Every structure is written in structure tokens, then in C-alpha cells.
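Here is a short report for a first look at this chain. The sequence and structure come first, then the notes.

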Amino acid sequence: MNQDSNTGMSIEMFMNRMDLLELKLDQVERKLSNKADDVVNIQLLQHRRELEEIYSTVEKIEGHLKIIDAELSQLTQAMPEKQSMQKNHRSRRVKAVLT
């Protein structure tokens, strides 16, 4: 058995400990990688929920805008009719006053 004079440990024992340390390091790296993947997945899910909420809000706004547009269209169509009716009514009043 070869022993290191500084540590009093055999080379075989040192190599075994190094192998064990390497295995533990690999495990830690895998756990860290898995944890990072989990964090990214959680962030993606949160972003997806936020985007769905934004999409829903945009759809609601679009619906409100369509309603407003329809009401505005009805008002603009009714305006010329109302204005012409008011002009006719005014001209009748003016004629009645003049005669």
C-alpha cells in the first residue's frame, strides 16, 4: 500500500474519496440544473397566465369599442335627419312670424 507521507492516506483511499466527491458534485450539478428548469417553467406559466389575462382584457375592450362604434354610427345617422327636421321646423316658424 502506497501512502502519502504528508497525509498518511493511501493512494487507493485518496482515489476512492475523489471518485465519491466527483459523484456528489455530479448530483449537485443535476439538482441545480433541475431547479433551474423548474424556475424557468414556473416563469413561463406565469407569463402565459399574464398573456391570457391581457388577451381577455383586449377582447373586452374590443367588444366595448364595437358597441361604442355602433352607437356612434346610429347617432351620426340620426343627426342629419334631426338637423333637417329642425331646419324645416325653423323655416315654418319664420314663415308663420312673417305672415
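Predicted model: local features only at pLDDT ≥ 70, side-chain atom pairs only at ≥ 80, totals over all residues.

Helices (H or I, at least four residues) and strands (E, at least two) are DSSP runs, numbered from the N terminus. Residues are numbered from 1 along each chain as its sequence is written, and side-chain values use heavy atoms, with hydrogens and water left out.

**Exposure**

Buried means under 20% relative accessible area, exposed over 50%, and partly exposed in between (1.4 Å probe, protein chains only). Of the chain's 99 residues, 2% count as buried.

| Residue | Relative accessible area | Class |
|---|---|---|
| Ser10 | 7% | buried |
| Asp26 | 31% | partly exposed |
| Met15 | 43% | partly exposed |

**Before the helix**

Ser10 lies in the segment before H1. Its side chain reaches the backbone nitrogen of Met13 at 3.1 Å. A polar contact is a pair of N or O atoms within 3.5 Å; within protein, one must be able to donate a hydrogen and the other to accept it, and residues adjacent in sequence count only if both atoms are side-chain atoms.

**On the helix**

Helix H1 spans residues 11–98 and holds Asp26. Met15 is also found in H1.
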